[in-house]
Amino acid sequence: MATKYRKPARKRQRTNHNGVPQLAAQIAGVSVYTVYAVIYGRVKSAHVSRAIEDARRQLQKARKRAA
């Protein structure tokens, strides 16, 4: 039996962004990792935030057209 207490690892919530980070990275000209950092609040960037919103709008329009 272990004598040391080990804190259990946090369970990560799985989220499906449906291609938004990839498109936002392409629009903003930054890496996908930067986009994820903005989405999860580790980094603040107005430029990338606008690209994320634009990517969401574009993908939503494409889904409406396909349906």
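**View 1. The surface of the predicted model.** The coordinates come from a predicted model. As for burial, 21% of the 67 residues count as buried.

**View 2. The overall layout of the chain.** Three helices and zero strands make up the secondary structure of the protein chain, and reading along the sequence gives the pattern α-α-α. The radius of gyration comes to 17 Å, well over the 11 Å that the globule rule gives for 67 residues, so the chain is more spread out than a compact globule. Along the principal axes, the C-alpha atoms fill a box of roughly 60 × 30 × 15 Å. Looking at contacts with a separation of 6 or more, 40% of them join residues 24 or more positions apart.

**View 3. The largest nonpolar core.** Eleven residues belong here, among them Val-20, Leu-23, Val-35, Ile-52 and Ala-55. Helix 1 (20-28), helix 2 (32-39) and helix 3 (46-66) are the elements giving two or more residues each. Helix 1 provides the largest share, with five residues. As a bit of background, nonpolar side chains in soluble globular proteins tend to be buried together.

**View 4. Zooming in on Val-48.** Val-48 is one of the residues of that core. Which residues does Val-48 touch, leaving out those up to four places away in sequence? The list is Ala-28, Val-30, Thr-34, Val-35 and Val-38.

Note on methods: Residues numbered from 1 in each chain as written. Predicted model: local features only at pLDDT ≥ 70, side-chain atom pairs only at ≥ 80, totals over all residues. Heavy atoms only, no water. Core = buried A, V, L, I, M, F, W, Y, C linked by side-chain atoms within 4.5 Å. Buried < 20%, exposed > 50% of the residue type's maximum accessible area, 1.4 Å probe, protein only. Helix = DSSP H or I, 4+ residues; strand = E, 2+ residues; numbered from the N terminus. Contact = heavy atoms within 4.5 Å. Rg over C-alpha atoms; globule rule 2.2 N^0.38 Å.
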